[in-house]
Amino acid sequence: MPGYVELHTHSSYSFLDGASSPQALLHHAARLEMPAIALTDHDGLYGIVQFVMEARELGIHPIIGAEVIIDEGYHLTLLVENTEGYSNLCRLISRAQLDHSKGEAALSWELLENHHRGLIALSGCHKSELAQHILGKNNDAALNAAQRYKNLFGREHYFLELQRHLVGSDKAIEHGLLSLADQLDLELVATNDVHYATPASRPLQDVLTSIKNILPINELGGFRRPNSEFYLKSPAEMRELFSDQPQALENTVRIAERCRFDLDLSQYRFPRFPVENSFAHLRKLSYEGLAERYRKPSPNVIDQVEHELSVIDSLNLEDYFLIVWDICNWARQRGYPVQGRGSSANSLVAYCLGITRVDPISHNLLFERFLSHERGGLPDIDIDFSREGREAVIQYVYERYGEEFTAMVCNVITYRSRSAVRDVGKALGFPAQVIGKIAKSLHRSDIAGLTDKLRRDGDGLPWEHYANFIEQIKGMPRHLSIHVGGMIVTAAPLVEIAPIERATMPGRIVTQWDKDDIEDVGLIKIDLLSLRTLDVVSETIELIKQHEGVQLDPDKIAMDDPAVYDMISRADTIGVFQVESRAQMQMLPKMKPVCFEDLMIEVAIVRPGPTQGKMVHPYLNRRQGLEEVEYLHPALEPVLEETLGVVLYQEQVMGVAQAIGGFSAGEGDLLRRAMTRKRSYEEIEKMRARFVEGAKKNGLSEEVGNDVFDKIAAFGGYGFCKSHAAAFARTTYETAYLKYYHPVAYFTAFLNHFPLGFYAPEVIVEQVKRDGFTVHPVDINHSQPRCVIENGGIRLGFNYVKGIGSASLEQIAEDKQNGPYSSVEDFISRVNLTPSGVENLIMVGAFDALGVPRRDALWKYRELREKQAGELPIGYPEDSIKFKSLTEWETTTLDYEIQGLTTGAHLTSHFREEWDKLGVLTSRELPQTPDGSQVRVAGLVITRQAPSTAKGHVFISLEDEYGTINCILRPHVFQRYKPVATRSSVLVLEGRLVHDSGVINILVERVQSGFDSPVEVRSHDFH
Ligand SMILES: [Zn+2]
Ligand SMILES: [Zn+2]
């Protein structure tokens, strides 16, 4: 009885031409007791890693393949027989992708000629070259083509593919193929060109086809497969279907047995760094860095360096460290700021190499959280550069290691609710308005509930199918994008080990695998990230040099300046990295950080994790002396002392495992990993036994051992990586330092790098004004394209005027060298801006200093344009019209409309008289108002937030002339006032004032709109 293996299978990684995931196909193959199965997605190996990993779990033999497109669009099925075949397939796919525009992969015959060895070809589906000739009744062409394939691949590597889908054309194609087999002595193979695991998925396949072709299902016509025969059929079904062709079945098994290739690419991990002895070089650099950082390193420090070097050596990671060191070094030498974040900050060697900027010894960081024998050689190095620096560094890596060896890691974008609603809706032919309405109301309501509601309205649309398909399509791959920073550099050309293709971003190349796939095949990425704050720091330092004549070295500033900590403790932190949000500002006056360790805790604790894990209140209470510091067991005191007995950092889980369970540091990290990953219950339970055993050896009872384990398991999942907190806290301190000592330089730079931080530019400008510095308005002769320092204040740049793009900014920068502008006419004769750009400049007052009122200037400008355009000016004699000058209110609102902020009086100052009559308190009066008072407050909305951890509470921050006001809307209040609370940009709120350890909140009871005006002010909403 012949067996059967499916050799032609499409998964959802055929992007809209396959309705089952690789995993679903494998699970079904397992149910059908198929010993092996091939995955042959279109033009790529996108799903291969997941496929191979899952197949290993299930004990099914995975065959790697792809369906490629040759020259004129003919399909061909290729299967990997051995290592050579694998690199050839990767190269073929990469070239097919790279040589054509995105999404139009195709192979030339010539490429196939050069790279076919180790591949087994099946002649292909009805779109194959043979089938197309046969259907075109061109027998000679079919014969020639078959001969050509046979000559190229050889008889043992080329099979004629028979498919029986009960489609009209099947018979004709098969008839032709059988005659070719006879004439050329070729063998047959049966496949089912599978597009989904079971027939039940056929409707979904139709929806996908419809999305792919941008046509509603009922207009698909020939694009749609005619029946549900394209599912994974059992060997028995295939035996019945091909009972007259037993050899075609037998051949599937034979081919499967020949295809033996194991997807382990760790040997290609990264190139050798070009020095004679990498390890000796790494050691030398480490000690050089050590000497720079420690005047007299203690034996402890030397031991740690030696320990880390030996781990690096035994995991063969020395070249990797050198590659990363080289990248950082290159950037630093060119003046780009660089700093490692994340777990690499646990490493002393990384610190000595200048990859990270925090000293792991003085902050008690644990190297094993970064690297250990137990977790295997997969370090995770994330490096932040300035934005500008990152672009330059990526180019450097491409040039240094070569394009064939380098690519960015891709990110597979999958269907989420909203995209599913849109695409499925269109496929089912739902009216655009209906789709739009549903997509909008998706916010926090599930699709089933939503469609139920809509169905009750009744309009004859197939709601049930809609909801159903949306559920099925969610999570399916949609397209590739670029991972934020992941880059890989490999020893063998990437085009031979991991297919690459064009990214949507011009000039960028991405792998077909995402970061998890990359890790699973044993490759290592380097994360090159950009952090705009570093651009701000570097511009601030430049401005300080220019204006104060001081060269500041961020590595040398004192990290223990009480004045800086005082400012942070007062929550005077608008613009300070990581601690400026509303939530942080609520915490700071209670935490009152006085040293760097406190700042690390501050950065780590205001996160969803610690909030959900209920660590915040115990820690705060203990810190404020309201609660005793307790330890689950005395042995934990040294591990948890720094966080007052609360498990806050992930590294502490490792410490507990060592102190109580007798784990090694590396084993401790395995426990930490198990706890931070979801669904690893079994793994955790295995470790429990080991932990309790260790606890007993340490003289604890089984009960106590279990109890401690339960508690750390409960906390462990929520903890924050300590080394990451340390790396970020360093930047927090630096930005706070710059804000405190060089506020004008800092905020000038800050304003030049939006979007950035938590607030809109408006909030930054108001803060600067409140601090007593002048922000000068945009002025045609004084402003520069960017914001600059002027007379100890900030001069707003043209970059803040709506309608002036970067090209115009460059033009202005260049023309400014030709001297000042004398009038609007002079300006427009020298600089070519869009009319709206010029009008905005006029209306925001950029020409005020030249003495012509804005409305008059605007009128004149429009007249001028009409003249230039050859139109007759509206014939008023020049001086006959007198325009009213703008009122102060009009000036302010124009400022907001055109530049999103005002350098003049705050918007709310215009309401003050009226608000005084209503008894509205200013932010300045709140600290003296007794706790529990019933108050009325008002202001411009700067943030609205509804964090998922707050159970329906909404937080609104208002800003008035004197500062900010924190308001809390409980769920029922928010529901009652939702329309006005979410839309109005100025609000008047009534409620009870609550003082809480230096923080003031208004518990809101009533909400009113402040005024009805078309002014739109951007606030930081619901992020
Ligand atoms: Zn095909
Ligand atoms: Zn196919």
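1. Helix α3, residues 83-98, lies across β2, β3 and β4 (119-122). Its direction is at about 150° to that of β3. Helix α7, residues 168-184, also packs on the sheet. α7 touches β5 (158-162) and β6, and its direction makes about 155° with that of β5. Keep in mind throughout that this is a predicted model.

2. Now the sheet itself. It is open and has six strands, in the order β1-β2-β3-β4-β5-β6, with mixed pairing. The edges are β1 (36-42) and β6 (187-190), since each of these pairs on one side only. From one strand to the next, the twist averages 35°.

3. Look at one pairing in that sheet. β2 and strand β3 (residues 74-80) run antiparallel to each other and share six bridges.

4. Next, the metal. Which residues coordinate the zinc ion (ligand 2)? They are H8 and H10, each through NE2, E67 through OE and D193 through OD. The distances are 2.0 to 2.4 Å. Along the sequence, these donor residues follow the spacing H-x1-H-x56-E-x125-D.

5. For reference, the ideal angle for four tetrahedral donors is 109.5 degrees.

6. The zinc ion (ligand 1) is 3.4 Å from the zinc ion (ligand 2), and E67 coordinates both. H10 lies in the segment before α1 (22-31), while E67 is in strand β2 (residues 61-70), so the pair ties together parts that are 57 residues apart in sequence. H10 and E67 are both buried.

7. Move on to strand β8. Five of its five residues are buried. I381, I383 and F385 lie on one side, with D382 and D384 on the other, and both faces are covered. In a regular strand the side chains alternate between the two faces of the sheet.

8. β8 has a partner in strand β7 (residues 338-341), and these two pair in the antiparallel sense over four bridges. It also pairs with strand β13 (residues 525-530), here in the parallel sense over five bridges. I383 shows both pairings: it is the bridge partner of G340, and it stands opposite L528 in β13.

9. Stay with I383, which sits in β8, residues 381-385. Is I383 buried or exposed? I383 is buried, because its relative accessible area is 0%, and buried means under 20%. Beyond its neighbours within four places in sequence, I383 contacts several residues, including V324, C328, V338, Q339 and I526. V324 is 59 residues away along the chain, yet the C-alpha atoms of I383 and V324 are separated by 9.1 Å.

10. Last, a helix pair. Helix α22 (residues 532-548) packs with helix α33 (residues 722-741) at an angle of about 35°. Their axes are 11 Å apart. The crossing of α22 and α33 is left-handed. On the α22 side, T533, V537, T540 and I544 take part, and they meet T731, T735 and L738 in α33.

Notes
Residues numbered from 1 in each chain as written. Chains lettered and ligands numbered in written order. Predicted model: local features only at pLDDT ≥ 70, side-chain atom pairs only at ≥ 80, totals over all residues. Heavy atoms only, no water. Buried < 20%, exposed > 50% of the residue type's maximum accessible area, 1.4 Å probe, protein only. Contact = heavy atoms within 4.5 Å. Donors = N, O, S within 2.8 Å, 3.2 Å for Na, K, Ca; no water. Pairing = 2+ DSSP bridges. Axes fitted to C-alpha atoms, helices over the stretch in contact; angles between N-to-C directions. Left-handed = near helix turned anticlockwise from the far one by under 90°.
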